[in-house]
Amino acid sequence: MLLFLQFLKKKKQDSNPKEKQKKAPSPTKPAEEIAARKGELGEYKIDIQLDQLPKDCLYLSDLLIQNPKAKSGYSQIDHVVLTPYGIFSIETKNYQGTIYGGKERKTWLINGKFKMMNPFIQNYGHIEALKTLIDKKFHTYFISIVSFTKRCMFKVDMDYRKIASNELIVYDIELSEFIHRKVSVLKLQHKEPLLDATDISGIYQTITRANITDPKTREEHKISLITIPTKKEETNPDVVCEMCSKPVSAKVQDYCLSNKRFGGKIYCYEHQKNR
């Protein structure tokens, strides 16, 4: 009888998969992967807007093209939008805080404390790199746009917000609106489109061919932007690593402040690995 009861008990346990097999916990994603994904969301929001542009427009995102004048030898361009009335080069920033800047300033300030390169100077370098790829007759058609997240507040020259300007500063959520408005102004200034469908398609294909997609080259370019410089004069003694207090370069500072996983703090290259 005892053996029979034990047999029934064992059979009951075997027939209950919930008791026999506990659900394995889902693996947690590394903090770096989560942070990278959050950083991609801003670009994704912009891509959604660019998808809504008229059919006669084309755009490219996340470009890496050769630029002998850049320290790394390359220019990384966030977005290029090709329209019948102009070519938009778009630089995106993921900062948080008040942005202070002006046309005559080589460096701008974040929250009145941290320095950053004037983003329009940075975007000028991108435009010059793009010009080397396309016909000279298109060189005057470029419009420079710098996009910040809504976590920022602008304290900049108001000319940057005037649609007549060829240098525009916008919030990410209003990017497509400013492109539409700028194109509308250009339509009034020019009776005929500056670029036809063949021009736009040709420029698109040219830039696509020039875009470097090799993961190794892209990683080397990324590392070249955040590694500590060897020359002492390239560091800023007023900006130091949160962990070891070593001075860091403007590029390291810019990288940390634009990356949400650092929480507004600055770390040298070695200590970035542990965050």
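The largest cavity in this predicted model holds about 40 Å³ of space. A cavity here is a set of points, on a 1 Å grid over the protein atoms alone, where a 1.4 Å probe fits but cannot get out; points are joined across faces, edges and corners, and the volume is the space filled by probe spheres set on them. With the cut-off put at 30 Å³ or more, the structure has one cavity. Its lining (residues with an atom within 4 Å of a point) comes to 10 residues, and Ile-46, Thr-92, Lys-93, Asn-94 and Asp-172 are the ones nearest the centre. Two or more lining residues come from each of helix H3 (31-51), strand E3 (86-93) and strand E7 (142-148), and H3 gives the most, with three. By type, the lining splits into two nonpolar, five polar and three charged residues; Ala, Val, Leu, Ile, Met, Phe, Trp, Tyr, Cys and Pro count as nonpolar, Asp, Glu, Lys and Arg as charged, and the others, Gly among them, as polar.

Now for the sheet. Four strands make an open sheet in the order E6-E5-E4-E8, with mixed pairing; two strands pair if DSSP finds at least two bridges between them. Strand E6 (114-117) and strand E8 (152-156) sit at the edges with a single partner strand each, so one side of each has no neighbour in the sheet. From one strand to the next, the twist averages 25°. E5 (residues 107-110) and E6 run antiparallel and are joined by four bridges, with Leu-109 standing opposite Lys-115 in E6.

Helix H4 (residues 119-131) packs on this sheet, where it touches E5 and E6 and makes about 25° with the direction of E6. Helix H8 (residues 250-257) also lies across E5 and E6, but runs at about 100° to E6. Angles run from 0 to 180 degrees between N-to-C directions, using lines fitted to C-alpha atoms, for helices over the stretch in contact.

As for the protein chain as a whole, it has nine helices and 11 strands, taken as DSSP runs (H or I, at least four residues; E, at least two) numbered from the N terminus. Of its 275 residues, 39% are buried, meaning under 20% relative accessible area with a 1.4 Å probe, protein chains only. Among contacts (heavy atoms within 4.5 Å) between residues at least 6 apart in sequence, 58% join residues at least 24 apart.

Residues are numbered from 1 along each chain as its sequence is written, and side-chain values use heavy atoms, without hydrogens or water. Local features need pLDDT of at least 70 and side-chain atom pairs count only at pLDDT 80 or more, while totals for chains, interfaces and linings use all residues.

How values were computed: On a 1 Å grid over the protein atoms alone, a cavity is a set of points where a 1.4 Å probe fits but cannot get out, and a pocket is an open set with protein on both sides within 12 Å along at least five of seven lines; lining residues have an atom within 4 Å of a point. Buried means under 20% relative accessible area, exposed over 50%, partly exposed in between (1.4 Å probe, protein chains only).
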